[in-house]
Amino acid sequence: MSDQTTPRPAQEAPVVPAQGRSGTGATGGPSLVKEGPDPGAARRRQLPRLFPLHQVHSLGLLVVLLLLGVVGAATSGNFLTTDNIVNILTSAAVIGVITVGQTFVIIGGGIDLSVGAIVAVASVWCTTVATQSYGLGGMVFTAVVVGSVVGLLNGVLIAYGKIVAFITTLAMMASARGVAERLSDRQSQVVTVESFNRIATDKILGVPLLVYLMAGIVVLGWLLLNRTTFGRRTFAVGGNPEAARLAGIAVRRHTMLLYVLSGVCCGIAAVMLTARTTSGASNLGNLYELDSIAAVIIGGTLLAGGRGSLFGSILGVLVFTTITNIFVLNNLTTDIQEIAKGLIILVAVLLQRTRGARPPA
Amino acid sequence: MRGITKEFPGAKALDGVDLEVEPGEVHCLLGQNGAGKSTLIKVLAGAHQPDSGDLTWDGEPVVLPSPTAAMRHGISTIYQELDLVDGLSVADNIFLGHERARYGLTRRGETAAAARELLSSLGHPEIAPGTEVGSLSPAQQQIVSMARALSHDTRLIVMDEPSAVLTQDEVGNLFRVIGELTAAGVAVLYISHRMGEIRTIGTRVTVLKDGRTVAGGLPATTPTSQLVALMTGRESAYDFPQRGGQRALPAREEVLRVEHLTQPGSFEDVSFSVRAGEIVGLVGLVGSGRSEILHAVYGATRPASGSVVVDGRPLPPGRVTAAVKAGVGLAPEERKSQALFLQDSVVRNVSISSLGRFARFGWLDRRREAAAATARVAALDLRPADPQRAVGTLSGGNQQKAVLARWLLRGCRVLLLDEPTRGVDVGARSELYALVRELADSGVAVLFVSSEVPEVLGLADRALVLREGRIVHEAEAASLKESHVLDLVMEESRP
C-alpha cells in the first residue's frame with residue numbers, strides 16, 4: 001500500500017515552485033490536478049533539462065525503485081550486497097537493451113511485438129556450426145545483421161506496405177520464432193567459441209561486461225533520442241504523423257528506420273543472452289515483447305506515441321528486475337511475482353492517465 | 001446566466017459573465033479568441049462547472065453537472081471542432097448516446113429512418129444514413145452534427161462558428177434551418193466572427209471581452225464599428241495592408257508555375273503561375289477543388305496528370321519532401337491535426353522543418369535551434385511571447401503564426417496558405433494579413449485559398465475563381481467586386 005501512496009508527494013513536489021511563480025498559490029493543491037493552461041510547461045522550465053518531458057514521472061519511478069530497495073533490504077539480508085546488486089543489473093541487461101529499441105518504436109507511434117522472436121532467430125543463426133567457424137566477430141556480426149534485416153522487413157511492411165504495426169509484428173513474432181525452430185531443429189546449439197562466452201563472464205572492476213554494454217547502449221540511445229534530429233523527428237512522427245508529413249519529414253522512411261533500430265537492439269541482446277546461456281536456442285527471449293512493452297509503459301511513454309522517456313523505460317526495467325530479485329531472495333513463488341508485475345503496470349498507467357488527462361486546450 | 005466565473009489555475013477564463021437568451025431568438029455571441037466564448041459554451045453544455053454564478057433555465061435555477069444533464073434540459077451544442085466518430089455511420093453518430101434501442105439491441109431500421117428524416121429537414125437528403133462519417137466532407141459533417149443536436153428534444157442550440165467550414169450557399173441553407181428552428185420557439189446561441197452573418201440572422205448580440213460581458217442584449221443592427229470597438233477597443237473590422245510592390249510586379253520572375261494539373265473528381269486542367277512578391281488568391285465553394293489543388297502542388301497528394309514547376313525546375317509529383325526542399329511551404333487548413341504538435345513547445349513546432357540546419361551529422365545544436373526559432377516567433381509578435389509554451393495552449397491566430405514562423409525559419413520561395421484565417425479572431429486577422437503581405441514583399445510567392453470572398457479581394461493581388469474544379473476567371477483582385485465573384489462561383493449551382 002505504501003507503494004501506491006508515497007510516490008504522489010514526490011510527483012507534486014516540483015509543482016510547488018511553479019505554483020508560487022504564477023501567483024495562484026492560494027488556490028491550493030487539489031485543483032492543480034485539473035486541467036490548466038500550462039502547469040506542465042511551467043514545470044518543464046523549472047526543472048533542469050536533464051530529462052525532457054517526463055522527468056517528473058521518472059522521479060516518481062525512481063522513488064518506487066528506492067522503496068523497492070528498502071523493502072528488499074528489510075526482507076533479506078543479502079539484498080544490499082554488491083553481488084546482489086550486480087546480479088540485478090546483469091539480469092536487467094538483456095531486456096534493457098531490447099527496451100531501448102522498443103522505446104523508440106513506441107514513441108514513434110508504433111509497437112514491436114516481435115522483439116523476443118528476433119532475439120531467438122538471431123541467437124540461433126549466430127550459433128550455427130557454420131557461423132561459429134568464423135569466430136567471435138562473425139557471430140556478433142551475424143546476430144546484428146539478422147536482427148536488423150528482420151527489423152527492416154517489419155519496417156518495410158509497416159511503412160510502405162501500410163500494414164498496422166501490431167499485426168505486422170505479431171505475424172513476425174510467430175514466423176521468426178518458427179524460422180528459429182527450423183534452423184536449430186529445436187536443439188540448443190552449444191557455443192564452442194570461448195571468446196564469445198566471455199562476453200557474459202568477463203568483468204571490469206567487478207562489474208560484468210554485460211552491464212557496461214547495457215549502460216553504453218542506453219546512453220547512446222538517450223543521446224540519439226534527445227540530442228539528434230533523428231530523435232526529434234521520432235517524437236514528431238509519433239505525435240502527429242500527418243503534421244510531420246506536411247512539415248516535410250520523410251515519415252515512411254523514418255518509421256522504417258525505427259524498426260531497423262529495434263531489430264539491431266534485438267541482435268545485440270541476442271549476443272548477450274546467448275553468451276549468458278552459452279548456447280543458442282529457439283526458445284530464448286520468450287515473452288520479452290511483453291516485458292519490454294511493460295517497462296516502456298511504466299516508464300511514462302505514451303502507448304499512442306509522441307511522448308516518452310528512455311530514462312523512464314530503463315527505470316521500468318530495473319523496477320521489474322528488482323521485484324523478481326526480491327521474490328527470489330525471499331523464496332516466493334513466481335505466480336505472486338506475476339501478479340505484482342501486473343499490478344505495477346496498472347498503477348503506472350493510472351498515474352499516466354491523470355497526467356495525460358490535461359487536454360491541449 | 002448571471003455572474004458566471006470560471007477559474008483555471010493561473011488564468012481566469014470567465015470573470016462574471018452575464019448572458020440572457022430568450023426562446024425563439026438568435027442570440028449572437030461576439031468576442032475575440034480568448035475572450036471566454038468557448039469556456040462559456042462548455043459551461044452551458046455541462047462540460048465545465050462554474051466556480052460561481054447562477055444558471056437559470058425557464059425561470060428555475062439549475063445545475064448542469066454533466067453533458068447528459070444539459071441535454072436532458074434541452075441544451076445541445078455544436079462545437080467548432082466537430083466531435084463526430086469517424087468510423088461510425090451517419091445515423092449512428094446522430095443518435096450516439098441515445099441510441100434507438102430496445103433491450104440493448106439497436107433498432108437499425110428505425111434509426112436510419114429517423115436520421116433520414118432529420119437530414120432532409122436540414123435540406124440534405126443526399127447524405128445517406130449508412131455512410132461512414134469519416135468519408136464525408138467537412139460541410140456534410142457539420143450537417144450531421146446539427147442533425148445530432150436536433151435529434152434531442154432541443155430548446156437551445158449552441159453553435160460555435162458553424163459557418164467556418166461552409167460555403168455561401170450552404171450558409172444560406174444553415175440560415176434557413178435556423179429560421180425554421182426559431183420559428184418553432186427554439187433559441188439559438190450563435191457564435192461567429194463574421195459580422196455579415198450576425199446582421200442577417202441575429203436578433204440580439206452579447207459581446208465578451210477578457211472573460212466579461214461588456215455589452216449584453218444589443219440589437220443586431222448595432223453598427224459593426226461599434227461592435228468591433230467593444231471587442232477590441234479598435235474601430236475597423238478588416239484592415240488589409242497596402243498592395244505594395246505592385247508597380248514592380250510584371251518585372252518580377254515567375255516562381256511557381258502549375259500546368260494542366262488534373263485529378264479526376266477534384267480538379268481539371270488547372271494552370272496558373274505565381275510571381276515572386278505576388279499574392280494569388282483561390283476562391284471557390286467547398287468541393288470546388290481549392291484545397292485539393294494546394295495539396296497537389298505541395299506533393300501531399302499525387303495528381304493524375306499535370307506538372308508543378310518551382311523556379312524553373314519541375315517537382316516530382318506526390319513528394320512533400322521534394323517540394324519542401326525546393327522551397328515550398330504549406331500552412332494547412334486543419335492547423336491542429338495537420339500542422340501542429342500540440343503538446344510540444346513553440347520552438348519545437350517552429351524548428352521541425354529546418355532541423356537539418358541546426359545539426360551536424362544529425363547532432364542538434366539546441367541552443368542555436370532555440371535562438372533561431374525564438375527570433376522568428378518574436379518577429380511575428382506571437383503571444384504570449386514564451387517560446388517554451390506548448391503550442392496547443394495558444395489561440396488560433398497565434399497557432400497560425402507559429403506555422404508561419406516554421407516556414408519563415410525554413411525560408412521558402414512559395415508559401416501555400418489554406419484558409420489562413422479560419423478560427424482566427426478579427427484583431428489577429430489584420431495582423432496575419434499584414435504578415436502575409438510582408439512576406440510577399442520580401443519576395444515570396446504566396447498562393448492562398450479562402451472561402452471568404454472579401455478576404456481574397458482585400459489581400460490578394462490576383463484572384464483565381466474556381467468552379468467545379470476549373471478556373472473560370474482570373475483577374476486583378478482590386479478590380480473585382482464581391483457580388484461578381486459570388487456570381488461566378490455559384491453560376492452552375494443556381495436553380
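In what order do the 6 strands of the open sheet in chain B stand, and what is the sense of their pairing?

## Sheet of chain B

The order is E18-E21-E22-E15-E23-E24, and the pairing is mixed, two strands counting as paired if DSSP finds at least two bridges between them. At the edges stand strand E18 (328-331) and strand E24 (470-476) of chain B, each of which pairs on one side only. Neighbouring strands of this sheet are turned by 20° against each other on average, with direction ignored; axes are lines fitted to C-alpha atoms, for helices over the stretch in contact, and angles run from 0 to 180 degrees between N-to-C directions. Strand E15 (residues 279-283) and strand E23 (residues 462-467) of chain B run parallel and are joined by 4 bridges, and B:Gly281 stands opposite B:Ala463 in E23(B).

Helix H15 (residues 426-441) of chain B packs on the sheet, where it touches E15, E21 and strand E22 (445-450) of chain B, and its direction makes about 130° with that of E15(B). Helix H14 (residues 396-410) of chain B lies across E18 and strand E21 (414-418) of chain B, running at about 175° to E18(B).

## Basis of the model

This is a predicted model, in which local features need pLDDT of at least 70 and side-chain atom pairs count only at pLDDT 80 or more, whereas totals for chains, interfaces and linings use all residues. Residues are numbered from 1 along each chain as its sequence is written, chains are lettered from A and ligands numbered from 1 in the order in which they are written, and side-chain values use heavy atoms, with hydrogens and water left out.

## Chain B as a whole

Chain B has 17 helices and 24 strands; helices (H or I, at least four residues) and strands (E, at least two) are DSSP runs, numbered from the N terminus. Of the 495 residues in chain B, 56% are buried, where buried means under 20% relative accessible area, exposed over 50%, and partly exposed in between (1.4 Å probe, protein chains only). Among the contacts in chain B with a separation of 6 or more, 67% come from residues 24 or more positions apart, a contact being heavy atoms within 4.5 Å.

E4(B) and strand E5 (residues 60-62) of chain B pair in the antiparallel sense over 3 bridges, and B:Trp57 has B:Glu60 in E5(B) as its bridge partner. The hairpin of these strands has 2 residues between them, and B:Asp58 takes a positive phi near 60° there.

B:Ala47 is found in the loop between helix H1 (37-44) and strand E4 (52-57) of chain B and is partly exposed, with a relative accessible area of 40%. Leaving aside neighbours within four places in sequence, B:Ala47 is in contact with B:Lys42, B:Pro67 and B:Tyr79. The C-alpha atoms of B:Ala47 and B:Ala70 are 8.8 Å apart in space, although the two residues are 23 apart in sequence.

## A buried glutamate

B:Glu369 lies in helix H13 (residues 366-379) of chain B and, at 2% relative accessibility, counts as buried. Leaving aside neighbours within four places in sequence, B:Glu369 is in contact with A:Arg232 of chain A, as well as with residues of chain B including B:Val347, B:Arg348 and B:Phe358.
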